[in-house]
Amino acid sequence: MSNEIKFKPKSIEEAEEDYKKLHLTAEQKKIVVSLAQLINQYLPISERAIKGFIWRVLIAYQVKYHYNLGEEAKREDLSPADRMGGFLEIFGMLKEELTKILISQDQEPILDDTFEKVISFYKTQFANR
């Protein structure tokens, strides 16, 4: 197994195109950009593609819970535990999306390790804000 994680190029291109077509509110853009920059430090995917994947997952999350993510993100009354729970669910959905497009499923442990690093970073930097 190689230590370099690889994804299906066509899926990456599709995510980049999805992101190009989006019209985001300022708050939504802030969320997507922040998460993409963090993930981009660990995965060999363009930041635009990561934004496309995050956006797909956020849409699914919004539909599941019947709310506007931009409004929810502004709520200051969310406890750190609530924030962390939402983040973990969103990142679980994102990991599922990215697992589907791995060139080899043997690389899934590398993806798991990457997500553990990102989650750890989020916990220390953002969860208790």
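This is a predicted model: local features need pLDDT of at least 70, side-chain atom pairs count only at pLDDT 80 or more; totals for chains, interfaces and linings use all residues.
Residues are numbered from 1 along each chain as its sequence is written, and side-chain values use heavy atoms, with hydrogens and water left out.

Lys51 belongs to helix H3, residues 47–65, and I noted it as buried because its relative accessibility is 13%. When I left aside neighbours within four places in sequence, I found Lys51 in contact (heavy atoms within 4.5 Å) with Tyr19, Val32, Val33 and Ala36.

**Entry on H3 and H5**

Two packed helices are described by the angle between their axes and the distance between the axes. For H3 and H5 I noted an angle of about 125 degrees and axes 9 Å apart; axes are lines fitted to C-alpha atoms, for helices over the stretch in contact, and angles run from 0 to 180 degrees between N-to-C directions. That angle makes H3 oblique to H5, since angles under 35 degrees count as roughly parallel, over 145 as roughly antiparallel, 65 to 115 as roughly perpendicular and the rest as oblique. On the H3 side the contact includes Phe53, Tyr61 and Tyr65, and on the H5 side it includes Gly86, Ile90 and Leu98. I sorted the contact residues of H3 with H5 into eleven nonpolar, one polar and four charged, where Ala, Val, Leu, Ile, Met, Phe, Trp, Tyr, Cys and Pro count as nonpolar, Asp, Glu, Lys and Arg as charged, and the others, Gly among them, as polar.

**Entry on aromatic rings**

Rings of Phe, Tyr and Trp (its six-membered ring) pair if their centres lie within 6.5 Å, and planes under 30 degrees apart count as stacked, over 60 as edge-to-face and the rest as tilted. By this rule I count three aromatic pairs. Tyr61 and Tyr65 are separated by about one helical turn, because they are four residues apart in helix H3. Tyr61 is buried at 8% relative accessible area, whereas Tyr65 is partly exposed at 35%. I also noted a cluster in which ring pairs link Phe87, Phe91 and Phe115.

**Entry on H5 and H6**

The axes of H5 (residues 80–100) and H6 (residues 108–125) come within 11 Å and cross at roughly 160 degrees, so I described the two helices as roughly antiparallel to each other. Among the residues making this contact are Arg83, Phe87 and Phe91 of H5 and Phe115, Tyr122 and Lys123 of H6.

Lys123 of helix H6 is partly exposed, with a relative accessible area of 43%. The C-alpha atoms of Lys123 and Arg83 are separated by 9.8 Å, and the two residues are 40 apart along the chain.

How values were computed. Buried means under 20% relative accessible area, exposed over 50%, partly exposed in between (1.4 Å probe, protein chains only).
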